Amino acid sequence: MFDARQRLTSTSGTRASFDFELLDEYASSRISGVLALPAILLILALFASLWVPVLAAAAWVVLVIAANTAVVLLCRQFKRSDPQKFNAGQWTTRFVAAELAYGVAWSLLSLFTLTTQDAQNLSVAMFAMVLVGVAANAVSTRTLPSATLMSTLPATLTVGINLIVSGGTLNYALAAVTLGGEIFFVYLAKQLHTSDLETVKHQAEKDALIYELEEARHMSDEARRHAEQANIAKSQFLATMSHELRTPLNAIIGFSEVLQSELLGPLNVPQYKEYAGDIHRSGQHLLNLINELLDLSRIEAGKYELNEEAVSLIDIAEDCRRMMEIRAKSKGIDLVVSYGNNLPKLWGDERAIRQVVLNLLSNAIKFTPQSGKVQLIVTRSGDGGQMVSVRDNGPGIPEDEIETVLSSFGQGSLAQKTAEQGAGLGLPIVQKIMELHQGRFDLFSKLRFGTEVIATFPRARVMDALAPVVEKKERLQIYSEAR
């Protein structure tokens with residue numbers, strides 16, 4: 001609807017805004033030629049004075065310059081006008097009327113034939129003068145085709161008619177060339193107008209695209225700001241609620257242990273002891289979930305600080321294996337380990353690395369079927385670092401679900417079907433902890449063949465890769481021995 005309304009109010013059949021651009025370029029072209037055109041007219045007057053009286057040539061020059069000055073003044077008025085009040089039809093009419101008066105002034109050169117007896121040579125001179133005038137006016141009025149026609153047609157008609165009336169083969173030929181020149185230059189002006197219109201359209205499209213990009217950037221910044229505010233609110237909520245949630249949970253877990261162990265005396269109803277065990281396991285599960293949420297929140301907020309020290313990756317892996325061994329045996333899963341020889345210590349956060357290994361082992365045992373096999377490998381990586389690999393022979397993960405599994409709260413189809421569903425935070429936390437250690441996390445899986453996850457620590461964190469710290473006294477001693 002907007003484009004249709006713009007075309008109806010436009011004089012060029014496009015948009016009113018395009019009309020303004022074209023008229024503005026026309027006005028600029030006329031104003032820029034305010035000195036060049038009079039210079040051309042003076043040269044033509046001097047040329048014509050070879051056959052006509054100087055006074056006649058001077059009168060013609062003054063009249064044409066006056067008409068051109070009127071056109072320039074009108075263009076300056078257009079430049080000073082308010083674009084918001086622009087009316088394409090009114091300004092086009094004014095410019096065409098001014099150009100018509102200017103063209104009539106040009107056509108008066110045909111009166112030179114009344115002031116001389118050398119009509120033959122004067123005919124050639126007028127032919128040359130009108131061609132120069134048509135060419136100059138066609139170029140300067142190219143963005144307004146109707147103005148081009150009004151500024152060139154009067155001189156072309158009067159000179160052409162004059163040549164035909166004078167008679168003779170040469171004059172007929174000159175009249176035909178004059179008319180052909182008019183057609184050619186009007187056509188050229190039309191083509192230039194089309195080209196300028198296309199340029200204005202492309203410029204408008206580019207401006208619209210820039211505006212859309214700016215608008216999209218503004219919306220993106222606004223959305224990012226809202227997301228950051230939501231993330232901050234989430235972090236503040238979790239930080240505030242952590243104590244409120246964990247304190248009663250610890251009480252629930254502690255009292256359920258007392259009931260389950262019958263520390264204060266036997267329970268007369270056996271089901272109560274079973275219920276106390278259920279409460280204890282549920283409380284532990286909920287506490288682990290809360291801790292995972294808090295860890296993920298701290299990592300995303302950039303507040304997860306590593307307490308780095310020299311740690312043994314093999315010792316951590318062995319502790320985790322012992323913790324998960326009972327769970328593996330309850331499902332009949334064979335938990336196999338393989339540790340590399342003479343592995344140096346790592347520089348990292350023991351608690352975070354332990355969480356990585358526990359999460360990987362827990363996932364493997366959770367999704368490996370009865371009587372399956374889970375393999376834990378700790379060894380050097382290809383680049384000199386150290387790696388932890390956990391491999392199982394479970395059902396595997398479909399390729400199109402791997403990205404979902406690695407996202408926060410993401411669960412694959414297998415996790416949704418099993419009774420041991422989690423929150424989908426284990427692997428995302430592993431990824432982020434490895435990023436904090438400048439390491440890498442990889443997951444490889446194939447349906448019906450199992451899954452392998454690898455956490456790789458960089459060579460820069462291996463203790464034998466770190467440069468030794470030389471004390472000041474030792475440096476002095478080395479320097480003295482070197483001398």
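Q: Why is Ile279 called partly exposed in this predicted model?
A: The relative accessibility of Ile279 is 41%. Buried means under 20% and exposed means over 50%, with partly exposed in between. The value of 41% falls in between, so Ile279 counts as partly exposed.

Q: Which helix holds Ile279?
A: Ile279 lies in helix H9, which covers residues 270-300.

Q: What makes Ile252 and Ser256 contacts of Ile279?
A: Contact means heavy atoms within 4.5 Å. Ile279 touches Ile252 and Ser256 under that rule, with residues up to four places away in sequence not counted.

Q: How far apart are Ile279 and Ile253 in sequence and in space?
A: Ile279 and Ile253 are 26 residues apart in sequence, and their C-alpha atoms are 7.3 Å apart in space.

Q: What makes a space in the protein a cavity, and how many of 30 Å³ or more are counted?
A: A cavity is a set of grid points where a 1.4 Å probe fits but cannot get out. The count comes to one cavity of 30 Å³ or more. The largest cavity holds about 30 Å³ of space.

Q: Which residues line the largest cavity?
A: The lining consists of Trp106, Val130, Gly133, Val134, Asn137, Ser151, Thr152 and Ala155. Helix H6 (119-140) and helix H7 (145-166) are the elements that give two or more residues to this lining. The largest share, four residues, comes from H6.

Q: How is the lining of the largest cavity divided by class?
A: The lining has four nonpolar, four polar and no charged residues.

How values were computed:
Residues numbered from 1 in each chain as written. Predicted model: local features only at pLDDT ≥ 70, side-chain atom pairs only at ≥ 80, totals over all residues. Heavy atoms only, no water. Buried < 20%, exposed > 50% of the residue type's maximum accessible area, 1.4 Å probe, protein only. 1 Å grid on protein atoms, 1.4 Å probe; cavity = no way out; pocket = protein on both sides within 12 Å on 5 of 7 lines; lining within 4 Å. Points joined across faces, edges and corners; volume = space filled by probe spheres on them. Nonpolar A, V, L, I, M, F, W, Y, C, P; charged D, E, K, R; others polar.
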